[in-house]
Structure formats: C-alpha cells, structure tokens
Amino acid sequence: MKNPILEQFILESRDYLQRVGEILIKLEEEQSKDLLNELFRIVHTLKGNSGLFNFSAMTKLLHASEDLMNSLRDETISYSSHIADILLESMDIVSQMIDEVEAYGEPQLSTNERAQEKALLIREILSEKKQIETSEVLKLTSEEKTSKHYDYLVIPEEFRIKIVKAFFEGKNPIIVKYMPEEECFYKGEDPLFYVRKIPETIWSRFYLREKIEDIATFDIYRCITNFEAVTTADEETLKEHFKYILDQIEFIKPEIVSFIVPHGDKNGGPVYEDFVLDFRELLKSESIDILKNSLRALKELTSPTLFVASCLRWIEALIDYIPKSTPYIEALLRSIETLEPPMFDKIMETKKSEVEEIKVEKPIKTLEIPAELFRVFEEQRKVLEKIKDKDENIRRNTISSIILSLENAIKSLKNEELLEKFKREVKEENLETILSFIDEFIKEEKIITEEAKQLTEPQTVKTQKEERIIYKSEEPTTTKFLKVDEEKVNRLMNLIGELVVAKNSLLYLSKKVEREYGIASLSKEMKIQYSVINRISEDMQDAIMQVRMIPVATVFQRFPRLVRDLSKKLGKNVKLHIEGEDTEADKNVIEALTDPLIHLVRNSLDHGVELPEERIAKGKPETATITLRAKQEADRVIIQVEDDGRGINPEKIKIKAYEKGLITEEALSKIKDDEALNLIFLPGFSTKEETSELSGRGVGMDVVRTMVERFNGTVSVSSEKDRGTTVTMALPLSMAVSHVMLIEAAGRKYAFPLDVISETVRIREEDIHIFKGEMVVSLRGKVLPLFFLNDLIDLKAPALKNENNEYATVVINLKGEMFAVIVDSLLGTADIILKPFKGFLSSLRVFSGTAILGDGSILLVINPKELIYGS
C-alpha cells in the first residue's frame, strides 16, 4: 500500500475505534453527556474520513451509528446494554473493514454485506415514528426561525424573479446554507467544489462569517467562509449531494411571498392612478397581450430606480401565470398606490405572523441606526437640561446649535419621513418641544430596535459543533507528539546496532596495536576515544529505545471489551480494574503480551471467578474483580493478572496432572503445593472435564509460558483458596540490545545472557563430586549440579584448566534453580545486537541467535534453559 493518505486514514481509524470501544463500555457504568458528545464527534470524523475513499458500505454503517448516537445525545433513545452491543458490533465490522483495506486495498464483499445489514438494523431501531416526529419538529423549528429571519434582499431582484417563476412552474426552490467547519480542509473537504456542484442552482453567494483583523497573521487553512444557494433540486437529491457533511448544511423551504419584495426610491415618476384602474379591469378579462403592452409603456416612462418600477417588473414576471398569479399582481398594484410593501394577507391562509414578516422591512431599517446617533440625541438632551436656568441669549444660541446638530444627525440616516417629522414638530428656540421630540425618538427607536433585533437575530440552539469549535479554540496550535512509521524506527535500531559493533572493534584494535606493534601510547588514546564513543552510543541507544517505548495501556485497553463480552456469555458479574497502564516497555515486548494476557484473562473469567450465587453464598460481593497491573522493576516490566475468585486447589492440580500422565506417581507424592501450581503451565493440562469455546483444550497456560520465555521472560503463579489467584509475568524492558558474558570453549567464542548469571567462580578438580551418578559441586553451602559446556554442546575437546589447576565456572540461575557450567575461559562482558535464527536454523533451540563481534567474528549466544533442561 503506497497511498500515504490511506495509510494515515488506517492509522487514525484504529485509534478512533479503540477510543469508541472504551467510551461505549464506560457509558454502561456512567451516563455522561460529555462522553456521548465525544463519541458522536469521533464517529462523525470517521464517517467523513471514510467518505474520502468511497468506502460506501463503511460510510453507510458509520452514518447509521452516528444517527443512533445523536438520538442518544438527544435522549430520544436511552442507552442500554443492548444498544452498546449493537454499536460495539458495528465498530467491530468497521475495524474488520479497516484491516481488509490495509491488506487488500478495499473491504471485502462479505464484510460490506454485513455492514449493510447492520446499518439496516440500526435504521430499524431508530423507530420510524420517532424519526419522523423528531425530523418534523426540527424542520419546523428551523424553517420557522430561519425562513422568517432570512434576509431575502441579499438575493438580487433578477434572481428572485427567476425563483418565483420556478414556483409557478411547479418547482419548490430550497435555500441551502452551508457552514463549513473550520478544520474542513484537513478532512479533505472542498466547500467550493460542493457549492459549484449543487444541481439546478439559480443563485449562490459566499461571505466571511468573521472579520479578518490582520491578513498577514490569518491562518489560510482555517475556513471561515459560509455559502448560500437557491436550487430547485429536491431535498433527497441535495441530501445525497451533501451526505458526508449534512451536519454543516441547513435547508430552508421558503414561501413564495418571501421573495416578492419590491424596493427602490418611493418619490418621483409619473401618475399611476389611471394605470392601476385600467390594469385591474384588464386583469379581470385576462387580456394578457393588452396587459403586457400597457405595462411595457408605463415601464418606459418610469425610472428603473423607483419603487414603482420594481413593482412593475414583478407584475411583468407574473403576467404569464395568470390566473394563478392574479392575487399576487393585485397585491403589487396596491403597493403602487400606497408605496408600501405588498400585503399578501388575502393569499396566505395563515395570517398575521406571515403578514408581519413581510412588513418587517420598516423595522429592519431601524437596525441601521448607529449607536452613536442615540448618544448624540442623549448628549443634546443633557445640554438642554443644563441650560434651562441659563440666560435667554445663551439658551437661544445653544438651542440653535442643538437643532442644527439634530437635523444633521437625522439627515445622515437618509430617512425623509423622520426629517419631515422633525421639521414639523420642532419649533425653533422652543426648548420643551425639542426635549419632547428627543424623548420620543430615543424611547420609540430603542423599542423598535430591540423588537427588530429579536426578529432578525436567529435564536438558534447551541449545537455540538459550536461547542467543538469553542473547545478547539482553547487548544494549543502545536502538538508534542509526532507519529513515525515503525520501519523508520527499526532502521534506527539497526544503525545503532551497527554502531555498537563498530564501537566494539575499537577496543579490539587498541589491544592489537599494543600487542602486535607495541605502541602503548596509541593504544591508550584509542581506549580513551573508545570510552567517549561508548558513552555517546549508549546515550543514542537509550534515546532510540525511548522512541520504541510505548505504554502497556495500548494492550490493556482492549480488555474491558473482552471482560464485558465474556462475563455476559458466562452469566457472571465482573469488573475490570487496571493499574499502572502508563508503565512503558519496548514495542515488541508490549505486543508480545497480547496473547498471554488474553489467555490469562479468559482463564480467570472461566476458572477463577465464581457465579454470582456462589459468591454470595461465600459472603463475597456479587461482582468479581479482575485486576490488570503493570509496574517496572529494574530493567524488567512486571505484568500481573489477579482475580478474587475461588483460587487454585493444589491437590486437584496434582491429581489432574497425574491422570493426564503429566507427572509420575512418585512425583505426585513428593511435589509441594507451591510447585504444584506451576503444573498448570504444562502442555495439555486442564481442569475442565469438557471442552468449551473458552477452555478445556489444555493449551492456554502453555501458550502463556512459551510466549513469555521466548522473550527471555519468566512467569509464575500464586493462589489462595477462595481469595483468588495472581499470575505474574516478568519481561525485559527492551529486546534490542543484549548484555552478555563472553566465554570460550574448545577455542570458540560463545556467550551467556548476563541476566541469568549469578556469579563466575574458579573451582578445583578435587571439589567436583559424584552424587547418584551426576556431577555436583558444593558452593557457599549449596550443592549445585555441575556440567561441562563442551559436553553439553557436543564439542570433542576436554575442558581447560588454568595454571592453578582450576576450572572457569559460570553459575546460572534458572527460576531459582542453580547450576554450574564449566567453560575454558571467561572473556568479559559485551553489548550485542542479537539476531535470532531463521528458517531451518531456528530448530537449534540451544542457541538464542547470533551477534557480530568487534573483530568481525560471529558469536553464538546460548539459551541456558535449553542447554540445561534440553540436555
């Protein structure tokens, strides 16, 4: 897969799906509006992203899930375990589709069919009756608010005429308001493309929803543009066109009269009384040709900027639709007589509210009165109050100045009616008359302005999208995290491995310089430089290791879902508790934990946790607790799975192991209880009489031990009857660089992992004893089994002694059991990059793998467990 955008989609989708699963499970425990909102946002983003790649079945399922989540947010549907199951199953299907996209480039047919079926099921759950009622309420609310307050005059008259003609031709124009999200560009959305492709568009425009204060600092990738368009396409077609961004779209279904709003100068022009009378008579006879000629003649005599000319243009547009348009033409004829907006009350069957909407033009004008003008009137009023008691000459001069100021202020409004009223009512030098006018103006205009403000400002309910934008504005614009391809990190690891090998060669060369060429000073300088490079390489190694470190939460997060589903299937009440999820370890180590943890959790659920009635009978809480715990100790990560169930009965374990032939009768009588617990890790061991979907095959705990030991880890179990069981896994924090002890045997170099070596000692030949046919040695009060490495790995050479007749010996500790291994010589410690065997050589279990030494030679690293037990 070479499409970087698709790769990013897959990566982000998995993160989103993981979070969706967590939220759905949390919601079963605690109903939270914030969690529901976050859930909706994530699924909405997933839906939008899937639409970019034309994964239609995935998009359809996510869209249905999104609608269901929206119903949960609106409390139309209550959240329940059943709803959680459906949504979790839906997300499982989406997850499978993501996996198939990564593997094959697209979801498979069978998965697409499953997605379609699940989407259909969700649509059925969204009760049709509720859906219709909800959508109608929302539609009516939206149309009531928006159509009433939409400023139809932003649409030029020539386009409004086309829209009205479309009405009379049987079409139903719709106003589309598109408000793109600020981050829409990052989702691959192209708002302008969407608008340009709207079918059957009559008119469109765009505008900025906020002012750009400084163009130099404006973020060009933040969308602040809104779009509006009028189209005659049906609503279903529009919904299909905007199907991936429907939450950003508003549809308005306007009334025809909303567009028929003549405008222009109301003064001047010929006399229209005779025209109106004659036109009405012709209208009754429906003499369309004569009407057109009469109308054309009057239009030529009328300035196109006049209000009457606008009425005539509207009448001309409506003539072709007589008699259907006759009531509208009559209303326009009345407007020519009164010079007022047309009154469509006889046409509209509803009534006063719509009529008031058409009349809104006049109060809307009051909105254009600047606040400064009110301050002018108020200031002038204060001055008039102060001069009441002043000298007559001072009053006269001041009043003249005030009248002039008020007149200029009113003229700035270009409102002839108000100016005429001012000149008519205000008597020069009459202080009381001026005060009365100012008081009336301030009072009436403020009231009108407030009413107009309520009419024109949409009182929209705060949407979740608005909440999201506000939330995001508080977020930092930069991020501390950088997603890096795993291959790039692996390449860095390989390079640091090469550096470690190169570094080790410096020490080898320094010894060679001193030994073969006798240049001690140069050898010393090389050792100094070696120490510098060694420090730098260790720091680099540590830094790169930190890049590979991930929290165990990445594995732990999948278990709440597993525990929920299995506990329901088993009829048990179980709560999962997670501790130390921030503990970090190498990515490979963390990923290796997945299978062992699944087996351990399933084992706790099936074997450990009792049924509710059994727990109550024992005096325990009805709900059991399984704890996943992680912590770091030295250079190892400790993972524990603990339950408060029935515990493990050692006697039952011993008997089962004996019946299955896993231990002998002698071992049955001698084995201790704590040792018996570890028998559960033997292949084929199970206490279940019957095989079920969850257990009974005897492979679960064996898989745990095999996986853990493959990564040089250890696993142990402790249990107490009716108190519970704890399984502990200890794994190395990192698997990239290994610390080893170099040894020599039969002239060849080998290595033991440093973490299994307790100590190195020298033992004399006379200290070696034979006990029951086996070699042993007494060391610090303990008798240890003794082996010759040459014999264990089939080297045909005797072990070498030093001048004091002593053998070099490595003491190995395997899970508390001590062994002594004799080698020819000890060569010191080293850091190596271990390369495991592949192919046919992987069957050589006695060796963990190979490494390259500083002199270029190949080093075989011994697997102590296989060396001892396998031999």
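Predicted model: local features only at pLDDT ≥ 70, side-chain atom pairs only at ≥ 80, totals over all residues.
## Positive phi angles in two loops

Arg-780 is not a glycine, and yet its phi angle is positive, at about 55°. This arginine sits in the loop between strand β16, which covers residues 774-779, and strand β17, which covers residues 782-788. With a relative accessible area of 64%, Arg-780 is classed as exposed, because that class takes in residues over 50%.

Asp-794 is another residue that has a positive phi although it is not a glycine, in this case of about 60°. Its place is in the loop between helix α32, residues 789-792, and strand β18, residues 806-814. The relative accessibility of Asp-794 is 52%, and so this residue also counts as exposed, given that the cut-off for the exposed class is over 50%.

## A buried asparagine in a helix

Is Asn-534, at 16% relative accessibility, buried or exposed? Asn-534 belongs to helix α22, which spans residues 520-548, and at 16% relative accessibility it counts as buried, because buried means under 20% relative accessible area. The side chain of Asn-534 is joined to the side chain of Lys-503 by a polar contact of 2.8 Å.

Methods
Residues numbered from 1 in each chain as written. Heavy atoms only, no water. Helix = DSSP H or I, 4+ residues; strand = E, 2+ residues; numbered from the N terminus. Buried < 20%, exposed > 50% of the residue type's maximum accessible area, 1.4 Å probe, protein only. Polar contact = N/O pair within 3.5 Å; in protein donor to acceptor, adjacent residues only side chain to side chain.
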